[in-house]
Amino acid sequence: MSIDTTTIPQPGLIRRLWSRLPNTVDRRVIAMAWTTLVVQIGIVATGGLVRLTGSGLGCPTWPRCTEESFVATEAMGIHGVIEFGNRMLTFVLVIVAILMFLFVVRMRRQRRDLFWLSLVIGLYVPLQAIIGGITVLTNLNPYVVGLHYFASAVLVSLAAVLLVRVYAQPGARTRVVPRWYATVAHFTSLGVAVTVVVGILVTGSGPHAGDGGAARNGLDAELLQHVHSWPAYVTFALSLVLFAAAWKMPSAQRLPLWTGLLLATELLQIVIGLWQARTGLPIVLVNIHMTLAVALVAAMTVVVMKLKAPVHS
């Protein structure tokens with residue numbers, strides 16, 4: 001009896017695939033780190049579209065889209081298409097997370113930072129999907145929806161850390177800026193966090209509930225809009241200090257660039273925030289505002305990461 005050897009897996013196949021994975025940080029690793037950050041910010045924009053178009057319950061249950069179907073049906077209309085489309089984007093995040101992990105797994109000993117960051121992000125993505133499912137099962141409870149957004153902000157921050165570390169040398173890190181400058185930066189990051197959290201509460205009290213029958217948090221939306229602006233302006237003022245002093249910091253850290261980006265993002269965010277408040281919260285401006293908020297988190301994360309450098313650089 002003859003044996004068709006073409007159907008037998010070659011014993012060296014896995015080894016050959018393994019050998020093709022990066023063992024140092026190369027263009028593939030850098031490109032995938034950038035992709036990780038982009039898709040994490042992008043899913044916030046598409047999630048905002050779901051909410052702002054009233055499609056939050058376009059698929060009224062989870063993990064199925066209906067009790068009988070995993071996909072949106074024709075009877076569910078455009079809201080079903082939008083909600084189901086956003087759910088499908090989760091698989092893009094999963095694929096990117098898996099590829100990022102595979103691209104650093106061979107260097108897990110010399111680049112433990114990249115290995116653990118990619119692993120945490122990879123495990124966090126399905127957790128975030130579960131939180132998204134809970135928002136549907138709780139009929140878009142505004143606090144659960146807020147948690148879903150906050151979890152996305154954390155993922156964006158982790159992706160920004162990963163991106164910075166991809167470009168950095170491995171090993172122990174030490175602060176390379178004056179203590180006062182680091183203190184101002186950490187207070188600025190606290191201001192960003194407070195601004196985002198209050199912004200979540202503002203959104204939970206406003207008109208964009210994600211569905212006509214979804215509850216609001218019952219807080220005074222007009223008052224919260226003003227409260228939201230207070231930490232935002234404090235953060236902007238602190239960022240001005242960081243930018244002005246950045247030119248005297250070690251040039252290798254490129255702090256003028258990163259604090260300038262932080263400042264520009266905040267300025268644009270303030271302009272969009274005032275514009276949307278004075279024009280009745282049009283969904284385009286609100287979606288831009290929501291997306292810029294996590295972009296601001298990413299920029300702030302990079303600034304904080306740039307306060308330190310490898311000991312042997």
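This is a predicted model: local features need pLDDT of at least 70, side-chain atom pairs count only at pLDDT 80 or more; totals for chains, interfaces and linings use all residues.
Let's start with the whole chain. The protein chain holds 9 helices and 2 strands. Follow the sequence and the order is α-α-α-α-α-β-α-α-α-α-β. So, on to dimensions. Take the C-alpha atoms along the principal axes, and they fill a box of roughly 80 × 60 × 25 Å.

How much of the chain is buried? Of its 313 residues, 45% are buried. Now the surface. The accessible surface comes to about 16,400 Å². Carbon and sulfur atoms account for 70% of that surface.

Next, contacts. Consider contacts between residues at least 6 apart in sequence. Among those, 76% join residues at least 24 apart.

And charges. The chain carries 23 positive and 11 negative charges.

Please find α3, residues 77-105. Helix α3 has 29 residues. From first C-alpha to last, α3 reaches 43 Å. At 1.5 Å a residue, 42 Å is expected, so the two values are close.

Which residues of α3 are buried? Here is the list: G80, E83, F84, N86, R87, L93, V96, A97, M100, F103, V104 and V105. Look at the spacing as you read along. An α-helix has 3.6 residues a turn, so residues three or four places apart point the same way.

What do those buried residues pack against? Four helices: α1 (13-19), α2 (27-52), α4 (112-137) and α5 (142-167).

The peptide bond from W62 to P63 is cis. Omega there is near 5 degrees.

Stay with that part of the sequence for the cysteines. How many disulfides does the chain have? The count is 1. The partners are C59 and C65, with their sulfur atoms 1.9 Å apart. Is this disulfide left-handed or right-handed? It is left-handed, because the torsion about the S-S bond is about -70 degrees.

Are the two cysteines buried or exposed? The cut-off for buried is under 20% relative accessible area. C59 comes out at 0%, so C59 counts as buried. C65 is also at 0%, so C65 is buried.

T66 is in the loop between α2 and α3 as well. At 13% relative accessibility, T66 counts as buried. Set aside residues up to four places away in sequence, and T66 touches T61 and M76.

Two backbone angles next. N139 is in the loop between α4 and α5. Its phi is near 60 degrees, a positive value in a residue other than glycine. N139 has 38% relative accessibility, so N139 counts as partly exposed.

The second one is L281. You will find L281 in the loop between α8 and α9 (283-305). Phi of L281 is near 60 degrees, again positive and again not in a glycine. L281 has a relative accessible area of 21%, so L281 is partly exposed.

L281 also has a partner to look at, Q276. Q276 belongs to helix α8, residues 255-278. Its relative accessibility is 10%, so Q276 counts as buried. What does Q276 contact, beyond its neighbours within four places in sequence? L281, P282, L285, V286 and H289.

Last stop: A215. A215 sits in the loop between α6 (179-205) and α7 (221-246). Its relative accessible area is 43%, so A215 is partly exposed. Leave aside neighbours within four places, and A215 is in contact with L140 and P142.

Now compare A215 with P170. How far apart are they in sequence and in space? They are 45 residues apart in sequence. In space, C-alpha to C-alpha, A215 and P170 are 48 Å apart.

One: helix α3, packed against α1, α2, α4 and α5 through its buried residues. Two: the disulfide of C59 and C65, with the cis bond from W62 to P63. Three: A215 in its loop between α6 and α7, touching L140 and P142.

Notes
Residues are numbered from 1 along each chain as its sequence is written. Side-chain values use heavy atoms; hydrogens and water are left out. Buried means under 20% relative accessible area, exposed over 50%, partly exposed in between (1.4 Å probe, protein chains only). Contact means heavy atoms within 4.5 Å. A disulfide is a pair of cysteine sulfur atoms within 2.5 Å. Accessible areas come from the Shrake-Rupley method with a 1.4 Å probe; for residues, only the protein chains shown count as cover. Lys and Arg count as positive and Asp and Glu as negative; His and the chain ends are not counted. The place of a charge is taken as NZ of Lys, CZ of Arg, CG of Asp or CD of Glu.
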